[in-house]
Amino acid sequence: MSFFDVIIQTLDSTIRLSVPLLLACLAGLYSERSGIFDIGLEGKMLAAAFAGAAAASVFHSAWIGLGIAILVSVSLALVHGFASITHRGNQIVSGLAINFVAAGSTIILGQAWFQQGGRTPALAPNERFEAITLPGADAIREVPIIGPIYSELISGHSLLVYVAFLAVPFTWWVLFRTRFGLRLRAVGENPAAVDTAGISVAWLRYRAVICTGVLTAIAGAYLSMVQSGGFVKDMTAGKGYIALAALIFAKWRPVNAMFACLLFGFLDALAIRLQGAPLPIIGKVPVQLMQALPYILTVILLAGFIGKAIPPRAGGVPYVKER
Amino acid sequence: MAEAAIELIGISKSFGAVRANRDINLEITRGTIHGIVGENGAGKSTLMSILYGFYQADSGEIRVNGKPTSIKSSNDAIATGIGMVHQHFMLVDNFTVLENIILGAESDALLKSSIAKARSELERLEREYGLEVDPDAIIEELPVGLQQRVEILKALYRGAEILILDEPTGVLTPAEADHLFRILRQLKEQGKTIVLITHKLREIMAITDSVSVMRQGTMVATRETKQTTVEELAELMVGRRVLLRVEKGEARAGEVKLSVKNLVVKDQRGVTMVDDVSFDVRAGEIVGIAGVAGNGQSELLEAISGIRKAVSGSVTLDGKPIDLTGAADPGELRQRGLAHVPEDRHHVGLVLAFEENENSILGYHNDKRYLKGPLLDVDAIMADAKDKIAKYDIRPANPRLRTANFSGGNQQKIVLAREIEQDPGVLIVGQPTRGVDVGAIEFIHKRLIAMRDQGKAVLLVSVELDEIRSLSDRILVMFAGRVVGERGPEASEGELGLLMAGVEQKEAAE
């Protein structure tokens with residue numbers, strides 16, 4: 001295999017691995033821009049992964065699976081909203097609670113319904129989102145350089161991959177070009193200004209957490225219905241938290257978020273590719289070290305290598321009308 | 001013409017057991033500037049919040065332009081032509097001026113057309129009212145005066161005919177306040193009705209046509225401004241006669257207690273805020289430092305009280321040096337007899353979540369009087385707190401109450417009681433009456449004079465020129481970090497004002 005092929009393959013898996021991070025990161029962006037911190041991304045993703053795979057295998061439809069995943073994830077998002085918007089509870093505690101509930105209930109329900117040790121049955125091809133071949137991909141496959149880039153890297157992904165990357169410019173457009181986006185950004189900075197302008201702070205924030213729920217659902221569905229053919233317990237493996245780190249790294253901006261997630265995805269891909277392969281000079285690197293790389297990077301980046309990341313000013317603070 | 005823009009009839013509002021507004025009647029004539037005065041907690045802000053739809057009255061009726069109107073939300077208020085400029089600006093700091101103006105008043109779901117429309121509308125408003133501001137500037141980069149202008153533009157953009165301003169001059173320099181008043185007069189000429197809420201009586205006299213006085217949730221009087229006096233208004237506000245001028249005898253200045261030489265202080269950005277300042281404060285005198293906020297007074301206070309490191313210079317207390325360039329320890333300075341009433345009582349002077357008795361010993365909590373072995377002597381602390389409450393008339397007289405639940409004036413009295421009762425040789429006071437009501441101001445001023453007459457050295461920093469003039473025996477004026485002049489208490493307001501604006505800087509430096 002030529003060096004070029006290796007690069008293409010690594011980049012290809014970079015894309016596949018960064019998709020769930022990217023979706024979760026954008027999900028967090030909607031919520032946090034509105035002033036609601038959400039460490040429950042992980043739990044919502046996990047619940048959606050389970051619900052999606054379970055529903056897909058029962059109803060034999062990927063689309064029904066996705067629909068149920070969205071339903072479950074949005075419900076959890078609304079629970080977080082109810083606790084932190086309506087009842088002004090602590091957003092970290094509420095988010096953590098959702099993570100615990102999701103981790104426990106997916107295993108129990110999975111075992112109760114399918115008796116496969118917390119797994120869902122393996123999904124048949126029509127129960128998953130299959131790879132799509134873009135027009136002309138086969139035709140130019142043999143063209144040097146452009147051929148592999150187009151047919152391997154750009155074409156041949158699941159629909160959800162394209163959804164994830166299209167969500168980036170779409171989110172940018174919503175945030176900076178629409179009325180909803182203006183209000184969303186405003187409510188995360190100074191909810192009192194939004195309130196006195198005659199806009200409901202609570203309703204605006206609820207809409208934001210619903211957006212979060214939909215996107216975490218797609219992230220979860222991608223994990224169980226695209227990346228693997230079914231749900232495995234704890235399959236999110238901390239991706240929700242890495243997405244949060246990427247969000248801070250990206251300074252709460254959608255295009256930055258994409259690059260941050262691609263970087264994390266690339267490290268993951270690199271770790272997989274380099275497993276067991278001896279590196280020049282260093283020699284053989286333990287697998288565990290390579291696997292730990294993305295997490296080490298997270299710590300280093302958050303420890304201050306990204307310059308000043310200013311979160312939305314009203315983030316984490318419940319809005320109380322001044323008395 | 002003399003038609004009422006707003007009529008409030010029998011408005012009442014309670015928060016739990018607190019009756020914030022009781023049977024309020026008020027009529028505001030269209031095309032006039034109407035002032036509403038009252039002490040903190042008199043119910044002014046509640047009343048205006050009801051008018052702006054933030055709260056709903058428990059009973060009563062609001063009529064706008066003669067028509068009974070129900071205002072259930074800010075949206076309703078905006079729709080009936082009422083706009084409000086809040087005391088704390090309701091602006092999104094990292095948005096542009098235009099974005100702030102259209103927020104909540106966007107013409108459709110996409111921003112492009114909203115912004116274009118707002119831009120041309122803004123140009124028209126600027127032309128009509130002389131309210132110039134760069135539409136693309138970021139709010140946090142604008143000075144406070146301009147931010148306030150954006151708030152006014154926001155209200156006008158929404159078609160406000162009636163403009164409510166809540167304590168608009170609290171954050172402004174004298175020049176900015178004058179400019180605001182010019183704008184308000186111009187708005188009045190254009191037929192707008194303006195309601196001005198303030199506790200500064202001078203402003204009421206300067207700009208309003210009529211004035212209403214509130215006290216303890218009731219409307220006690222409405223007067224034509226021309227036919228009333230500051231003294232009458234103050235008496236109506238407090239409910240008893242108030243001494244606005246402080247009565248004091250001659251100062252008998254003794255030996256130098258505090259001596260500052262060539263002090264240089266930089267802020268966290270590295271900008272020189274105090275530039276080569278020298279002065280002495282003697283026993284038995286009050287030295288006042290006047291100046292527009294932000295000219296280095298805060299940094300000077302912080303450096304002398306040991307909160308902020310100085311770059312160079314020397315300070316001596318009772319002839320012994322204070323190590324300012326190292327880490328001067330406020331606790332150690334307190335033991336040496338230098339007490340400090342900080343400018344910002346909420347963040348520096350008090351822990352608002354603590355009970356009153358805890359705050360009344362804070363900073364002196366290692367004093368043997370308050371200790372029983374390694375533990376706090378709760379009985380002694382309580383007795384001490386009760387004693388201070390009685391002496392300083394702190395209300396409510398409950399040492400177990402959370403400090404946040406006291407009014408601004410009473411919080412300030414807690415800080416003053418704590419510092420003064422330690423019998424310090426030198427007292428440094430920053431903004432002693434900021435956000436404090438008239439009755440408490442009188443009390444605080446008398447206390448400071450009493451300190452002086454006991455032979456203590458008092459250094460007073462205040463942005464209220466009246467306060468500086470009535471209390472100080474000597475006045476130093478700071479401008480751009482330097483002391484640009486020293487005057488006696490007889491100096492006129494105009495003379496000091498020029499110094500504060502840096503106009504006579506050259507002459508004074510010579």
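In this predicted model, nine residues of domain 1 of chain B are in contact with eight residues of domain 2 of chain B. On the domain 1 side, helix H6 (174-189) and helix H8 (230-238) of chain B each supply at least two of the residues that touch domain 2. H8(B) gives the largest share of that side, three residues. Sorted by class, the domain 1 side holds five nonpolar, three polar and one charged residues.

The domain assignment of chain B places domain 1 at 4-238 and domain 2 at 256-353 + 418-509. Taken over C-alpha atoms, the centres of domain 1 and domain 2 of chain B are separated by 34 Å.

**Contact between the chains**

Chain B brings 20 residues to the contact and chain A brings 17 residues. Within the side of chain B that touches chain A, helix H2 (residues 74-79) of chain B has the largest share, three residues. By class, this side of chain B has 11 nonpolar, six polar and three charged residues.

**Nonpolar core**

The largest nonpolar core counts 221 residues. Leu23(A), Cys25(A), Ala246(A), Ala257(A) and Val477(B) are the residues with the most contacts inside this core. Its largest share, 14 residues, comes from helix H9 (residues 201-227) of chain A. Domain 1 (4-238) and domain 2 (256-353 + 418-509) of chain B both give residues to the core, so the core lies between them. In soluble globular proteins, nonpolar side chains tend to be buried together.

Leaving aside neighbours within four places in sequence, Ala257(A) is in contact with Leu22(A), Cys25(A), Leu26(A), Leu29(A), Ala246(A), Leu247(A) and Ala250(A).

**Sheets of chain B**

An open sheet of six strands in chain B has the order E6-E7-E8-E3-E9-E10, with mixed pairing. Strand E6 (82-85) and strand E10 (218-224) of chain B are the edge strands, each pairing on one side only. From one strand to the next, the twist averages 20°.

Helix H5 (residues 144-157) of chain B touches E6 and E7 of chain B, and its direction makes about 170° with that of E6(B). Helix H1 (residues 44-51) of chain B lies across strand E3 (33-37), E6, strand E7 (162-166), strand E8 (193-198) and E9 of chain B, and runs at about 150° to E7(B).

Leu317(B) stands opposite Lys320(B) in E15(B).

E1(B) and E2(B) form a hairpin with two residues between them, and Gly16(B) in the turn has a positive phi of about 60°. Across this pair, Glu7(B) stands opposite Glu27(B) in E2(B).

| Strand | Partner strand | Bridges |
|---|---|---|
| E1(B), residues 4-15 | E2(B), residues 18-29 | eight bridges |
| E9(B), residues 210-215 | E10(B) | six bridges |
| E14(B), residues 312-317 | E15(B) | three bridges |

Methods:
Residues are numbered from 1 along each chain as its sequence is written. Chains are lettered from A and ligands numbered from 1 in the order in which they are written. This is a predicted model: local features need pLDDT of at least 70, side-chain atom pairs count only at pLDDT 80 or more; totals for chains, interfaces and linings use all residues. A nonpolar core is a set of buried Ala, Val, Leu, Ile, Met, Phe, Trp, Tyr and Cys residues joined through C-beta atoms within 7 Å. A residue is buried if 20 or more other C-beta atoms lie within 10 Å of its own, exposed if 12 or fewer, and partly exposed in between; C-beta atoms are placed from the backbone. Helices (H or I, at least four residues) and strands (E, at least two) are DSSP runs, numbered from the N terminus. Domain bounds come from an automatic or database domain assignment. Two residues are in contact if their C-beta atoms, placed from the backbone, lie within 7 Å. Ala, Val, Leu, Ile, Met, Phe, Trp, Tyr, Cys and Pro count as nonpolar, Asp, Glu, Lys and Arg as charged, and the others, Gly among them, as polar. Two strands pair if DSSP finds at least two bridges between them. Axes are lines fitted to C-alpha atoms, for helices over the stretch in contact, and angles run from 0 to 180 degrees between N-to-C directions.
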